[in-house]
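Me: I want to know what stands behind the labels used for this model. Please answer each question by setting the value against the rule.

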Amino acid sequence: MKIAILPGDGIGKEIVAEAVLVLSALDLSFETETALVGGAAFEAHGHPLPETTLALAKSADAILFGAVGDWKYDTLERPLRPEQAILGLRKHLGLFANFRPAICYEQLVDASSLKPELIAGLDILIIRELTGDIYFGQPRGRRTAVDGHFPGSEEAFDTMRYSRPEVERIAHVAFQAARKRSKRVTSVDKSNVLETFQFWRDVVTEVGGQYPDVALDHMYVDNAAMQLVRAPKKFDVVVTGNMFGDILSDEAAMLTGSIGMLPSASLNAAGQGLYEPSHGSAPDIAGKGIANPLATILSAAMMLRFSLNQAQAADRIEAAVRSVLSQGLRTADIHSPGTTLVGTRAMGQAVVKALGK
Ligand code: IPM
Ligand code: MG
């Protein structure tokens, strides 16, 4: 088993280091290789996704990814910005199926901005299509930016598109995931306005015909955004396109009160996957040793389960995380009165210690 470790920018290095220590404490045999990605790779090699990093990612069984991005790169021309690294990895590796669970940990119910009764026990799985939609439209309006401005251009455009095979394969992923849960899928679209999403709705409905045991309903994205804060527990599996999934998954993650706790997986047809926390690079707190490493540690658990066939080891990590929460340990993002404030390192060490039990 070979794991590519891509820490990236901001808090990425700190949180990935803790996840690697947790993995090492499991007594599994795997090889790791680390490479630069994002702004860090741009600084060193002039590109956010250097050939060597891409080659490593392709050759690995799984990728553990931190986060990329920093405001200081906002004025770079788009192909050189750190975000292009993650988009490039998704595209080059065909990582079309993005799993973003939004789970409310019972110990953290008070950290949510919603009333506890609305989110206690919340367990939603957002399945976001990740390699199509307006993110990868063709042709794509490209302007050369100079200091963040587009001289001489009075418009910009991006095209939204989905092909039948792209919608079919993500729909299958959603229905199959629902079979292992409560057998309900909500497909989110904007078919009242956008042709792309009328097509999406038609194809998802067709694929749904092959899963008579799974209930399918459709919801417009604006309504879904509203229902997520009104009655989030009504959702189970949510499947949607790249753009809407980007927005709704942040919304769902935040309403659990624990965005620093939520892992994600991006899988291709071969089961190869990239695993990363749902949160970003948080440049404002980078280097301070206060970031929450649990989302990355839980992403490592997802990696063991989905790509490396080590479900037991994944269970052990998840149990260890629950145990440190029960001990009352909290990083600053989830800290509340009466709990113990710890930094990144101490949190990682506590998880390693809890593994031993
Ligand atoms: C995410 C991020 C990325 C996205 C950025 C960093 C390109 O927001 O993974 O949700 O928009 O997909
Ligand atoms: Mg996002």
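Me: Which residues lie nearest the centre of the second largest pocket, and how many residues line it?

Reply: In this predicted model, the second largest pocket has 22 lining residues, and those nearest its centre are Pro-101, Ile-103, Arg-181, Met-302 and Arg-305. Local features here require pLDDT of at least 70 and side-chain atom pairs pLDDT 80 or more, while totals for chains, interfaces and linings take in all residues. Residues are numbered from 1 along each chain as its sequence is written, chains are lettered from A and ligands numbered from 1 in the order in which they are written, and side-chain values use heavy atoms, without hydrogens and water.

Me: What makes a space a pocket and not a cavity?

Reply: On a 1 Å grid over the protein atoms alone, a cavity is a set of points where a 1.4 Å probe fits but cannot get out, whereas a pocket is an open set with protein on both sides within 12 Å along at least five of seven lines; a lining residue has an atom within 4 Å of a point. The second largest pocket comes to about 750 Å³, counted as the space filled by probe spheres set on points joined across faces, edges and corners.

Me: Which elements supply at least two residues of the lining of the second largest pocket?

Reply: They are S4, strand S5 (123-129), helix H6 (164-179), helix H10 (294-306) and helix H11 (311-326). These names stand for DSSP runs numbered from the N terminus, helices being H or I with at least four residues and strands E with at least two. H10 has the largest share of this lining, 4 residues. By class the lining holds 13 nonpolar, 2 polar and 7 charged residues, where Ala, Val, Leu, Ile, Met, Phe, Trp, Tyr, Cys and Pro are nonpolar, Asp, Glu, Lys and Arg charged, and the others, Gly among them, polar.

Me: Where is Glu-318 found, and which residues does it touch?

Reply: Glu-318 belongs to helix H11. Leaving out residues up to four places away in sequence, Glu-318 touches Leu-298, Ala-301 and Arg-305, contact meaning heavy atoms within 4.5 Å. Its C-alpha atom is 8.6 Å from that of Ile-297, 21 residues apart along the chain.

Me: How many cavities of 30 Å³ or more are there, and what lines the largest?

Reply: The count is 2 cavities of 30 Å³ or more. The largest has a volume of about 60 Å³, and its lining is Arg-100, Pro-101, Ala-102, Ile-126, Ser-249, Asp-250, Ala-252, Ala-253, Leu-262 and Ser-278. Two or more of these residues come from each of strand S4 (97-103) and helix H9 (242-255), and H9 gives the most, 4 residues. Its classes are 6 nonpolar, 2 polar and 2 charged.

Me: Why are H8 and H9 called roughly parallel?

Reply: The axes of helix H8 (residues 221-230) and H9 cross at roughly 5° and come within 10 Å. Axes are lines fitted to C-alpha atoms, for helices over the stretch in contact, and angles run from 0 to 180 degrees between N-to-C directions. Angles under 35 degrees count as roughly parallel, over 145 as roughly antiparallel, 65 to 115 as roughly perpendicular and the rest as oblique. H8 and H9 are therefore roughly parallel. Contact is made by Val-221, Ala-224, Ala-225, Leu-228 and Val-229 of H8 with Phe-244, Leu-248, Glu-251, Ala-252 and Leu-255 of H9; these divide into 9 nonpolar, no polar and 1 charged.

Me: What makes H3 oblique to H4?

Reply: Helix H3 (residues 51-59) and helix H4 (residues 83-93) pack at about 45°, with axes 11 Å apart, so H3 is oblique to H4. The crossing is right-handed, that is, the near helix is turned clockwise from the far one by less than a right angle, anticlockwise being left-handed. Leu-54, Ala-57 and Lys-58 of H3 meet Leu-89, His-92 and Leu-93 of H4.

Me: Why are H1 and H12 roughly parallel?

Reply: Helix H1 (residues 12-24) and helix H12 (residues 344-355) pack at about 15° with axes 9 Å apart, and are therefore roughly parallel. H1 passes H12 in a right-handed crossing.
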